[in-house]
Amino acid sequence: METTSLPRTQAKTSLRTQLARRKPIDQLPHPDESPLPHGDLKRSLGLWQLTMISVGATLGTGIFVILGASIPLAGPAIWIAFLVAGVAALLSALSYAEMASCVPASGSSYSYVYATMGEGIAWICGWCLVLEYAVSIAAVAVGAGQYINESLATFGLHLPNAIAQPPGFGGVVNLPAAGLVLLSMLLLIRGAKESAWVNTVMVGVKIVILLIFVAIAFTAFSARNFEPLAPMGVAGISAAASRLFFSYIGFDAASTAGEEARNPQRDLPKAIILSMLIITGIYILVAVAAIGARPWTWFHSGEASLVVILQQLTGQPWIALLFSVGAVIAIASIVLTVLYGQTRILMTMSRDGMVPTVFGRISPRTSTPVAGTVIVGIVVAIAAALIPLGELADATSIGTLCAFALVNLSVIYLRRARPELRRSYQVPFYPLVPIAGFAMCVLLMVTLGGTTWVVFGIWMLIGTGLYFLYGRKHSVVGAMNPEEYADATDSSLSIVKALK
């Protein structure tokens, strides 16, 4: 079915009916389809590239950027907080893997929820993803200025705080953060394959850098630094885990590449699970090494803690320079891959009529959504330049947790409502895993501060207004009359039976 052939007029269905309408499966792109009428993305990504997208979007955030802000909450138990956040993320990752195997389309959890739970919940999920991705890009980029200054310090230079820090932290505008976002935007415009190659190189660099840190930090390891293990108690560990969950959002970036993967049903589940195992293992290893080298009271929010540890332990400026450059590369990798995911989610929402069509236009020359990438890049660059990290990280966490919770529910719903769907991967120990994943997400959401919930509530009110002003009027599925929708649904069931 060609979605662009459907009229985009004022929806004639009732609000209740439209909110409950699910996107027919045959409107979701599949690997053996002919090019889409609105522009075709190239299927050029294999298992390795998809795994590196997930690792690139995730590995480094919790270590390079917010480790110093999280250790004062959990104390030496920071590694437990990483483990708790990692388990919560892994439970949701297993649900993502199953959904990616049976709904292999760009759009990540937005597409999964639209195909299972209806347009209303899908819009909520998509709006949460906009918060998750766009804000997380800015939040990670904010940390770039610290490491650039650490690199320049080796040569006796530094950037003035006025242009290296956001307002409220002694700065006026964070130019390094904005510049990093804009450079990533330019690279993404060139093409997905080229961006994936650059990302793979950057991921390799940051893994090597982190392993060098671990090796050096363990030379000064002291078990006494882990006493007392949890000075702030379970509440401190939970609070740190809620913040550190921000460090795991990248694994779902691979699921936004559903239309650019060569074999999405086979490779997406493997890439998601493999990346989660790699990321969690490295996070815990680095956290243990950092605490072993310095007592938890030594860490302070806003400092490039790992670089300082290396400086103090080695006394060699070149090691600090090497690590600082590696940290900038790591942050650049996260910005690149998460920005990629954001543009693909908006592209998918645009095709469905949920956001303006400009986000869904594919350049015939580069096979990328150029206009959407430029718009997102500029908006995120402005946010990165002007908003402090802490406020961004917590806002990102709550949007992420909400989206992950919905994906866990989607697995349960789809197993019951559409058992005939072909699944190349199934969540183990169903339904315990998706139920536990949902419960963990809700628990971590509850531990976030009241200010974060107020911001989230305002964000959702804005999203609700946008849906009624634009999304409902332009929805492709909502524009179908009852007969067209019934035919599309029947067609989807026929396709599913043929694929079995």
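Visitor: How much space lies in the largest cavity?
Guide: In this predicted model, the largest cavity holds about 70 Å³ of space.

Visitor: And how many cavities of 30 Å³ or more does the count come to?
Guide: The count comes to four cavities of that size.

Visitor: Back to the largest one. Which residues lie closest to its centre?
Guide: The lining comprises 10 residues, and those closest to the centre are I53, S195, A196, T337 and Y340.

Visitor: Which elements give two or more residues to that lining?
Guide: Those elements are α11, spanning 192–217, and α15, spanning 317–351. The largest share, four residues, comes from α11.

Visitor: What is the lining like by class: nonpolar, polar, charged?
Guide: Seven of the lining residues are nonpolar and three are polar, while no charged residues take part.

Visitor: Changing topic: where does A287 lie?
Guide: A287 belongs to helix α13, which covers residues 264–293.

Visitor: Is A287 buried or exposed?
Guide: A287 is buried, because its relative accessibility is 1% and the cut-off for buried is under 20%.

Visitor: What is A287 in contact with, leaving aside neighbours within four places in sequence?
Guide: Apart from those neighbours, A287 is in contact with I78, W79 and F82.

Visitor: And what separates the C-alpha atoms of A287 and L67?
Guide: The two C-alpha atoms are 8.2 Å apart, although A287 and L67 are 220 residues apart along the chain.

Note on methods:
Residues numbered from 1 in each chain as written. Predicted model: local features only at pLDDT ≥ 70, side-chain atom pairs only at ≥ 80, totals over all residues. Heavy atoms only, no water. Buried < 20%, exposed > 50% of the residue type's maximum accessible area, 1.4 Å probe, protein only. Contact = heavy atoms within 4.5 Å. 1 Å grid on protein atoms, 1.4 Å probe; cavity = no way out; pocket = protein on both sides within 12 Å on 5 of 7 lines; lining within 4 Å. Points joined across faces, edges and corners; volume = space filled by probe spheres on them. Nonpolar A, V, L, I, M, F, W, Y, C, P; charged D, E, K, R; others polar.
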